[in-house]
Amino acid sequence: AEAYAITCPLITKADGTKIQTTTGKDGSVTKTETKKDGSSVTENKAADGSTGTVKTDKNGQTEAKTALSNKAIENAKKNGEAVKAPVEVEAARNSGAAPTVKVELPKNAGETEVEIPVSNAKPGTVAVLVHPDGTEEIFFSIPTENGIRLTVDGSATVKIVDNSKDFIDTQNHWAKDEIDFVSARELVNGISATRYAPNATATRAQLWTILARQNDTDLSGGANWYEKAQLWSKDKGISDGTQPDAAINRAQMVTMLWRTMGQPAAGGAANFNDVPANSYYAQAVAWAVENGITTGIGGGRFDPNSTCTRAQIATFLARSMK
């Protein structure tokens, strides 16, 4: 006979506190205690030994913490998946109201991919790392279907924030999700607080800046807004640093992205009629196709010399990071 989740009857204490306990068919246990003032505590114990606690006060402020077990981490790594934390939170529009989640790994677990379930996850959902001194910075994270994925080493405390910029000119655009993803992570800015200009072209200096930001380079100071990024791109062999104001084309975009990623080798050649095997960008295009970053423009063409729009840049970048 198959065992189903068993929910115990709701217990109401004399002071109005309600307690609900559910046991899953896999042996996991969830216990939620809700007080009369609306505050609540949910404790989860997963079948694999991971635990999670979500506390919400009467004003709706949520604090969660989770300790992941060795068994959960082993299983996830074996399956090539992120470890799912047994807590669920709801992202808030600003850092002050956002839930905090403390993730703790067992000793010697090493770098581990963790998925935090978020009930309202979208491409603009980000994890904001809270440093021990209270300062905050956007942490590298990838939105998943039901949450957000990040790499943790030891322990980390993050706030889950919906940092979507909601640009008025991208709402019905084919690249809306990718633009939301890169702009929420502050890699590509709008041209104003309300507009992204998806179909405008980007310059070489703008791309150096985007790639330098993605690699956490300090761009403050410098003789002009792009000098630090220009020096970084030359120093790392990403670009020769010339023609900062020239529009970036598709061949240059994909090549700089590939160099930023360490010039990974591609398994085969890129089968496009307009990508000669001996061109400087042939390897980069092959890598981009292999990794689902581009499929070309159709008709067996990549269109290397066509200018790259801000929407295409967001798309190349977002796909390369996922």
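Author: Nine of the 11 residues of helix 3 (residues 204–214) are buried, so helix 3 is largely enclosed by the rest of the structure. Please keep in mind that this is a predicted model.

Reader: Which residues of helix 3 are buried?

Author: The general idea concerns the geometry of a helix. An α-helix has 3.6 residues a turn, so residues three or four places apart point the same way. In the present case, the buried residues of helix 3 are Arg-204, Ala-205, Leu-207, Trp-208, Thr-209, Ile-210, Leu-211, Ala-212 and Gln-214.

Reader: Against which helices do the buried residues of helix 3 pack?

Author: They pack against helix 4 (227–235), helix 5 (250–260) and helix 7 (310–321).

Reader: How many aromatic pairs does the structure hold?

Author: To read a ring pair, one takes the distance between the ring centres and then the angle between the planes; an angle over 60 degrees counts as edge-to-face. The structure holds five aromatic pairs. One of them joins Trp-225 and Tyr-226, whose centres are 5.1 Å apart and whose planes stand at 85°, an edge-to-face arrangement. Another joins Tyr-280 and Tyr-281, also edge-to-face, with 5.0 Å centre to centre and 90° between the planes.

Reader: Are Tyr-280 and Tyr-281 buried or exposed?

Author: Tyr-280 is partly exposed, with a relative accessible area of 46%, whereas Tyr-281 is buried at 9%. In the pair formed with Trp-225, Tyr-226 is buried, with a relative accessible area of 13%.

Reader: Which residues do ring pairs link into a cluster?

Author: The cluster consists of Trp-208, Trp-225 and Tyr-226, linked by ring pairs. Trp-208 is one of the buried residues of helix 3.

Reader: Where does the charged end of Arg-250 sit?

Author: For such a case one looks at the position of the charged group relative to the ring. The charged end of Arg-250 sits over the ring of Phe-302, at 4.6 Å from the ring centre. Lys-322 likewise lies over the face of Phe-181, 4.7 Å from the centre of that ring.

**Strands and a buried lysine**

Reader: In which sense do strand 11 and strand 12 pair?

Author: Strand 11 (residues 125–130) and strand 12 (residues 136–139) are antiparallel, paired over four bridges. Ala-127 has Phe-139 of strand 12 as its bridge partner. The hairpin has five residues between these strands, and Gly-134 in this hairpin takes a positive phi near 95°.

Reader: With which side chain does Lys-159 make a polar contact?

Author: The side chains of Lys-159 and Glu-136 are joined by a polar contact of 2.7 Å. Lys-159 is located in strand 15 (residues 155–162). At 14% relative accessibility, Lys-159 is buried. Leaving aside neighbours within four places in sequence, the contacts of Lys-159 include Ser-95, Pro-99, Val-126, Ala-127 and Val-128.

Reader: What is the strand order of the open sheet of four strands?

Author: The order is 8-10-14-13, and the pairing is mixed. The edge strands, each pairing on one side only, are strand 8 (83–84) and strand 13 (141–143). Strand 8 and strand 10 (residues 112–117) run parallel and are joined by two bridges. Lys-84 stands opposite Glu-115 of strand 10.

**Cysteines**

Reader: How many disulfides does a search of the whole structure find?

Author: The search finds zero disulfides. As for individual cysteines, Cys-8 is partly exposed, with a relative accessible area of 33%, while Cys-308 is buried at 0%.

Note on methods: Residues are numbered from 1 along each chain as its sequence is written. This is a predicted model: local features need pLDDT of at least 70, side-chain atom pairs count only at pLDDT 80 or more; totals for chains, interfaces and linings use all residues. Side-chain values use heavy atoms; hydrogens and water are left out. Two strands pair if DSSP finds at least two bridges between them. Rings of Phe, Tyr and Trp (its six-membered ring) pair if their centres lie within 6.5 Å; planes under 30 degrees apart count as stacked, over 60 as edge-to-face and the rest as tilted. Buried means under 20% relative accessible area, exposed over 50%, partly exposed in between (1.4 Å probe, protein chains only). A charge sits over a ring if NZ of Lys or CZ of Arg is within 6 Å of the ring centre and within 35 degrees of the ring normal. A polar contact is a pair of N or O atoms within 3.5 Å; within protein, one must be able to donate a hydrogen and the other to accept it, and residues adjacent in sequence count only if both atoms are side-chain atoms. Contact means heavy atoms within 4.5 Å. A disulfide is a pair of cysteine sulfur atoms within 2.5 Å.
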